[in-house]
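Open the model in your viewer and follow the stops below. Each one gives a selection and what to find there.

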Amino acid sequence: MPKHSHSEEIAKIEEVAIELRKSVIEMLLEAGSGHSAGPLGTADIFASLYFHILNIDPKNPQMPDRDRLVLSAGHICPILYATLAHRGFFPVSELKTLRKLGTRLQGHPHINEPPGVENTSGPLGQGLSQAIGMALSAKLNDQTHRVYCVGSDAELQEGQIWEAAMFAGNNHLHNLTWIIDRNNIQIDGYTEDIMPLEPLRQKLEAFNWHVLEIDGHNVEEIINACDNAKAIFERATVIIAHTIPGKDVDFMQYKFEWHGKPPNRVQAEKALKELRTLAGRIRSEHD
Amino acid sequence: MIADEAKLNHHIFTTKLNELPTRDGFGDGVVIAGEKDENVLVLCADLTESTRSNKFKDKFPKRFFETGVSEQNMAGISAGLAISGKIPFIASYAVFNPGRNWEQIRVSIAYSRANVKIIGAHSGLSVGPDGATHQALEDIALMRVLPNMVVLVPSDYEQAKKATIASANYKGPVYIRLTREKTPVFRTQDSPFEIGKAQILMTGNDVTIICAGPIIYEALKASYELNMKYGIKCEVIDSCTIKPLDEKTMLDSVRKTGRVITIEEHQISGGLGGVVSEMLSEKYPVKIKRLGICDSFGESGTYEQLIKKYGLGIDHIIMEVKKLISER
Ligand SMILES: Cc1ncc(C[n+]2csc(CCOP(=O)(O)OP(=O)(O)O)c2C)c(N)n1
Ligand SMILES: [Mg+2]
């Protein structure tokens with residue numbers, strides 16, 4: 001793949017991702033419930049999307065030609081909220097209202113609440129269809145923006161996903177990019193023990209998608225893959241992003257037990273310490 | 001005023017009761033049902049621990065099936081198993097089971113009279129912080145309109161356990177609605193349970209309170225206070241079976257009191273309030289006040305906050321009873 005981005009830009013995004021992870025930990029601690037593994041695992045993807053890839057304007061969240069980001073796996077919304085806040089859609093201080101009575105940061109996201117949230121999700125398997133509708137509408141209106149859908153891997157066990165995948169394949173939705181958080185976990189265990197998804201690439205290819213596979217923690221690969229998708233004119237693109245659930249918090253990494261659990265105070269402090277050390281290392285590497 | 005036949009915990013108002021979620025009642029009940037009949041199976045869609053299906057899985061690993069996140073598929077498979085003589089329990093959250101797979105339930109299970117037991121966990125407001133997407137406030141309505149379907153809404157651990165065992169013994173489709181949060185276990189092992197039978201928990205002549213689900217405990221406490229403070233005597237009826245409705249028990253009470261309040265963690269239209277209103281408007285019209293969710297979605301918040309906000313707490317119940325009494 002061609003090298004598109006300068007290393008400073010990438011270092012900046014990597015630093016953002018660490019900040020987002022810190023916010024996720026703080027939010028979950030404050031909320032006392034919510035999901036840890038998925039949000040930490042997708043921080044690099046969200047940082048890359050909102051700080052480089054997406055054409056969006058936090059001051060004008062309803063800009064008609066903005067790129068759309070549809071979150072399908074609504075339970076990982078702490079990372080979406082953290083990203084939107086750090087990108088300037090609403091104050092970072094609002095993050096601590098997550099899951100509390102009266103908040104705009106509902107336990108699972110509600111459309112337009114807060115600004116920047118493009119769809120309602122939580123029940124798995126619905127987001128890809130919603131994204132397809134938005135991509136179709138853009139085509140009908142001769143609009144050139146793109147629609148991105150971020151989903152989880154276990155939601156591929158839902159039939160609706162494959163109904164949607166079939167439709168996108170049949171309708172040549174070149175303006176649609178679907179990113180699958182391939183972290184290999186779900187609630188009851190590892191996906192391949194619960195209901196195997198492999199060979200995933202071949203399945204998606206058989207549904208007529210342009211399939212890319214990347215390291216979901218490598219910012220350059222994330223950006224290059226999204227650029228590559230723009231260059232494909234006949235097909236929708238799906239990016240299988242291989243990630244580590246709970247990334248960068250040592251005691252959470254790879255553990256399905258952290259799917260739907262928040263850290264307690266001691267754990268949160270430990271996690272934040274690790275993340276601070278990591279941020280320092282990234283900064284010094286690029287100085 | 002506590003009805004002796006209900007065999008409730010004697011210390012219901014005087015000590016802090018042991019608390020357990022109704023889902024635990026299912027978890028323990030289905031193991032007992034499984035011990036009695038080897039045809040009992042459990043299927044679960046990636047929520048084995050939260051639905052408490054794990055107890056059955058540990059005890060009978062060969063009779064437990066993990067379907068992954070696929071509730072529609074799970075409903076269909078269970079129909080096939082039931083048609084072949086098995087007694088499958090299918091478990092997920094109520095928003096998905098029967099929310100997502102309603103049409104599969106309608107045709108493959110209800111219309112086919114397949115002997116499937118549908119377990120809808122985390123119903124009502126008990127998932128609190130998860131927010132509206134996960135708060136099943138429509139599931140009673142969805143299930144009570146289906147012909148052949150029995151609808152059970154247990155109100156404590158003991159009743160949930162008995163309802164689970166009874167549903168395994170009953171031949172035909174059954175929906176059991178469960179909750180996530182711990183709630184007081186105000187019944188005892190001796191409390192009677194029968195599908196289709198409403199139970200008078202407290203006797204009184206002034207107003208009939210009809211409830212289903214753990215919110216009954218709020219109604220009992222409110223009734224206790226109404227009697228102590230104002231001398232108002234409520235008759236509290238537990239309608240765990242929403243369908244088929246025990247019309248006789250309700251009519252006998254309403255003929256005496258002439259006033260009804262229904263209380264539920266569900267939309268007031270289509271749920272228990274709807275069922276009771278429909279029945280009484282045909283058979284014995286009286287003044288009715290339905291407490292529940294009034295045509296809105298839920299939201300994030302703690303269970304206690306939401307109960308208060310949506311007008312289901314003790315203070316609210318007391319206020320509504322007094323209002324209803326003063327209206328005549
Ligand atoms: C239709 C539906 N069924 C069940 C659930 C409950 N649920 C929430 S997340 C999840 C699976 C988690 O696996 P995955 O989607 O891969 O997310 P990860 O744990 O990797 O973040 C389930 C079954 C749901 N949200 N929607
Ligand atoms: Mg996963």
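Start where the chains meet: chain B and chain A share 2 salt bridges (a side-chain nitrogen of Lys or Arg within 4 Å of a carboxyl oxygen of Asp or Glu). This is a predicted model, where local features need pLDDT of at least 70, side-chain atom pairs count only at pLDDT 80 or more, and totals for chains, interfaces and linings use all residues. Residues are numbered from 1 along each chain as its sequence is written, chains are lettered from A and ligands numbered from 1 in the order in which they are written, and side-chain values use heavy atoms, with hydrogens and water left out.

Select A:E158 and B:R100. They form a salt bridge, with the closest N and O atoms 3.3 Å apart.

Now show the whole interface. Contact (heavy atoms within 4.5 Å) involves 24 residues of chain B and 23 residues of chain A. The two chains bury about 1800 Å² between them (accessible area, 1.4 Å probe, lost on being put together and summed over both). Carbon and sulfur atoms carry 48% of that. On the chain B side, B:D46, B:V69 and B:R100 lose the most area to chain A, together 30% of what that side buries.

Move to the magnesium ion (ligand 2). Its donors (N, O and S atoms within 2.8 Å of the metal, or 3.2 Å for Na, K and Ca; water is not among the atoms, so sites may look incomplete) are A:D153 (OD), A:N183 (OD1) and A:I185 (O), at 2.1 to 2.3 Å.
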